[in-house]
Amino acid sequence: MPAPRPRPGKIVCVGRNYREHAKELGNEVPKEPLIFLKPPSSVIREGEAIVLPAASKQVEYEGEIGVVVGRTLTGVSEADAAKAIKSIVAVNDVTARDLQKTDSQWTRAKGFDTFLPLGEESSKLPDLDSLIVVTRVNGVERQRGKSSEMVFSIPSLLAYISRIMTLEPGDLVATGTPSGVGLLAPGDVVEVEIPGVSRVSNPVQENR
């Protein structure tokens, strides 16, 4: 059996970084990046199942562009942050939306095991301003967003986070989801793709 791939040391996620997604959930666009953490134990890979927890009745997909950090970043400029990116990966920030609404913070809603499918890292770093993220459920497109539509650009996010916490090699930053989030049900297959860069596809099953 092959050795398991290493998980990110930490996973920093950005909320409401697309205006239309903030709008569809009835939220304002934040004046500064809205960040939260997901535990490394939530990571799964291609083909592994997203397990719907018994505690939630409203688990949703959130396709995102993920950024893997290549070197230590502490209080850096946007230009230096951009140079420190190791790779881009497809991310599914699976969320228990009902728990997100009832809890005063998002750790439970975002932190269940299997709630962070990650794609393969790209071997070539693409243009950060021309990335596209697409989410499909059972082959039907549900989300499509462009990095150029982000409220806060990828370099600005990395620089901002580095002024709060040191980003270390292997850390992952998930940059927010576009509009079109929706429910997952047992038997679904959800795919997040950054065309030409990375993709991840996962079946969905009930907690057994």
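Predicted model: local features only at pLDDT ≥ 70, side-chain atom pairs only at ≥ 80, totals over all residues.

Student: What makes Arg199 partly exposed?
Tutor: Its relative accessible area is 37%.

Student: Which label does Glu46 get, and why?
Tutor: Glu46 has 43% relative accessibility, so it counts as partly exposed too.

Student: Why is the contact of Arg199 and Glu46 called a salt bridge?
Tutor: The N to O distance between their side chains is 3.8 Å. The cut-off is 4 Å, between a side-chain nitrogen of Lys or Arg and a carboxyl oxygen of Asp or Glu. An Arg and a Glu at 3.8 Å meet it, so the name applies. The search of the whole structure finds 14 salt bridges.

Student: What does the pair Arg199 and Glu46 tie together?
Tutor: Arg199 sits in strand E15, residues 198–206. Glu46 is in the loop between strand E3 (43–44) and strand E4 (50–52). The pair therefore links parts that are 153 residues apart in sequence.

Student: How do you know that Glu62 and Arg97 form a salt bridge?
Tutor: Their closest N and O atoms are 2.8 Å apart. That is within 4 Å, so the pair qualifies. Glu62 lies in the loop between strand E5 (59–61) and strand E6 (63–69), and Arg97 in helix H3 (residues 97–102), so the bridge connects parts 35 residues apart in sequence.

Student: Are Glu62 and Arg97 buried or exposed?
Tutor: Buried means under 20%. Glu62 has 4% relative accessibility, so it counts as buried. Arg97 has 2%, and therefore counts as buried as well.

Student: What makes Lys110 a salt-bridge partner of Glu62?
Tutor: The N to O distance is 3.5 Å. Again the limit is 4 Å, so the pair passes. Lys110 belongs to helix H4 (residues 107–111), and Glu62 to the loop between E5 and E6, so this pair ties together parts 48 residues apart in sequence. At 2% relative accessibility, Lys110 is buried.

Student: Which residues belong to the network of salt bridges?
Tutor: Lys38, Glu60, Glu62, Asp93, Arg97 and Lys110 are linked in it.

Student: Where is Asp93, and why is it called buried?
Tutor: Asp93 is in the loop between E7 and strand E8 (95–96). Its relative accessibility is 0%, so it counts as buried. Its contacts, leaving aside neighbours within four places in sequence, include Phe36, Lys38, Phe115 and Leu116.

Student: How do you know that Asp93 and Lys110 make a polar contact?
Tutor: Their side chains are joined at 2.8 Å.

Student: Which strands make up the open sheet?
Tutor: Five strands, in the order E2-E1-E12-E6-E7, with mixed pairing.

Student: What makes E2 and E7 edge strands?
Tutor: Strand E2 (34–38) and strand E7 (85–92) each pair on one side only.

Student: How do you know that E6 pairs with E12 and with E7?
Tutor: Pairing needs at least two bridges. Three bridges join E6 to strand E12 (residues 172–174), and these run antiparallel. E6 and E7 have seven bridges, also in the antiparallel sense. In E12, Gly66 has Ala174 as its bridge partner. In E7, Val67 has Ile88.

Student: Why is E7 described as largely enclosed?
Tutor: Seven of its eight residues are buried, so the rest of the structure largely encloses E7.

Student: What makes the phi of Arg16 worth a remark?
Tutor: Most residues other than glycine have a negative phi. Arg16 is not a glycine, yet its phi is positive, about 55°. Arg16 lies in the loop between E1 and helix H1 (19–24).

Student: Where is Thr114, and what is its phi?
Tutor: Thr114 is in the loop between H4 and strand E9 (116–117). Its phi is near 80°, a positive value in a residue other than glycine. At 12% relative accessibility, Thr114 counts as buried.

Methods:
Residues numbered from 1 in each chain as written. Heavy atoms only, no water. Helix = DSSP H or I, 4+ residues; strand = E, 2+ residues; numbered from the N terminus. Buried < 20%, exposed > 50% of the residue type's maximum accessible area, 1.4 Å probe, protein only. Polar contact = N/O pair within 3.5 Å; in protein donor to acceptor, adjacent residues only side chain to side chain. Contact = heavy atoms within 4.5 Å.
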